[in-house]
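Hi there,

Here is the structure I promised to send over.

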Amino acid sequence: MCAPVYAAGDYQDANLNGSIDWDLSFPAVDCDMCLTSWGNGGGKPLPYECPDSLREEMSTKKRERSLFHGEHVALQQRLLEELNIRGEPFVDVRPGSRFPPLHLDIPSRPRADFLWPYGAMLVSKRVRDILCDLCCEDVATFPVNLRKVGKREAKLPAPIPKSGEPEDIIKEASLLSDTSEVGPYYEAFPRHASNEPPNWIIEIESRCDACGRVKAKVAHRKRLDPLRMADDTWRGHSIFYLGSTGHIVVTAEVGEALKAVRPSNMRLVEVLCL
Ligand SMILES: [Zn+2]
């Protein structure tokens, strides 16, 4: 599943899909073993809400947003204990991991079944219902907060802001004062990943024993088109990330159920099975 190719490029993309933000995420780590700082960027979504007792530590508004490795392990363990979840620090939870809900800022009033702001897949209620019916064990969904929504119709050509930067369209958009009639939208993301596909060969240069940071290069990234899977790629899930490629894949059954409702703003690309 992926976004369509937009004829009008980045402006159309920014206008139709908007951008996301969040209030709660794990801080970055300053690893005293490999001497790198990481986890500042867009975080991987976590499939549970942040407990109240940890909201202050997780606030993205906090000035100090990094912890040393040992402090990070302690904070991750606190979360796992609070939620009574079995998990391993730096494996199941990682620096930068973010909690729901997402805020969406979108320049035009959204009507599509799928929205693709950078870093997330958002779906309409009818698509969420299909995913929850057919893949409830394998997918997490959370309602999205529609924070800023433009009044223009998404079908109109995208406006070009004064700065020329697509992400500035929202700054000049006339916004709805009441968004209760819009949506609802849900963030949906797979809980699992498959094994790496056969044409995505990763050469690991080093792995930090403390924070697990992997320095790697992808040896055959270009051969990812078309997407491929081998017998040992699939791990039995009905929706999943294709290894570490970032692509979201569904089984034929789920794909057919989605196709039947002709969802807008989404493209289904067949994965070649070797
Ligand atoms: Zn490290």
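(A residue is buried with 20 or more other C-beta atoms within 10 Å of its own, exposed with 12 or fewer and partly exposed in between; C-beta atoms are placed from the backbone.) You will find Leu35 in the loop between β2 (28-30) and β3 (37-38). Its phi is positive, about 60°, although Leu35 is not a glycine. Helices (H or I, at least four residues) and strands (E, at least two) are DSSP runs, numbered from the N terminus.

Before going on, please keep in mind that this is a predicted model: local features need pLDDT of at least 70, side-chain atom pairs count only at pLDDT 80 or more, and totals for chains, interfaces and linings use all residues. Residues are numbered from 1 along each chain as its sequence is written.

Arg262 also has a positive phi without being a glycine, near 45°. Arg262 sits in the loop between α6 (252-260) and β16 (272-273). It is exposed, with 8 other C-beta atoms within 10 Å.

One runs from Pro100 to Pro101, with omega near 5°, and Pro101 belongs to the loop between α3 (69-83) and β5 (102-109). The other runs from Gly183 to Pro184, with omega near 5°; Pro184 is in the loop between α5 (169-172) and β10.

Now the overall picture. The protein chain has six helices and 16 strands. Its C-alpha atoms fill a box of roughly 50 × 50 × 35 Å along the principal axes. Of the contacts between residues at least 6 apart in sequence, 79% join residues at least 24 apart; two residues are in contact if their C-beta atoms, placed from the backbone, lie within 7 Å.

The chain divides into domain 1 (9-20 + 103-188), domain 2 (25-83) and domain 3 (202-273), with bounds from an automatic or database domain assignment. The C-alpha centres of domain 1 and domain 3 are 23 Å apart. Their contact takes 14 residues from domain 1 and 14 residues from domain 3. On the domain 1 side, the elements giving two or more residues are β6 (114-115) and α4 (125-135), and the largest share, six residues, comes from α4. By class, that side has eleven nonpolar, no polar and three charged residues. (Ala, Val, Leu, Ile, Met, Phe, Trp, Tyr, Cys and Pro count as nonpolar, Asp, Glu, Lys and Arg as charged, and the others, Gly among them, as polar.)

Which of its residues are buried? They are Val127, Arg128, Ile130, Leu131 and Cys135. Seen down the axis of α4, the buried residues fall within an arc of 160°, so they line one face of the helix; the arc is that of the directions from the helix axis to the C-beta atoms. Arg126 and Asp133, on the other side of α4, are exposed. The cover over the buried residues includes β6, β7 (122-124), β8 (139-143), β10 (185-190), β14 and α6.

In soluble globular proteins, nonpolar side chains tend to be buried together. Here the largest nonpolar core has 43 residues, and those with the most contacts inside it are Leu104, Phe114, Leu122, Val123 and Tyr185. (Such a core is a set of buried Ala, Val, Leu, Ile, Met, Phe, Trp, Tyr and Cys residues joined through C-beta atoms within 7 Å.) α4 gives the most to this core, with four residues. A second, separate core of five residues includes Ala14, Ile169, Ile170 and Ala173. Leaving aside neighbours within four places in sequence, Phe114 is in contact with Met121, Val123, Val127, Pro263, Asn265 and Met266.

Best wishes
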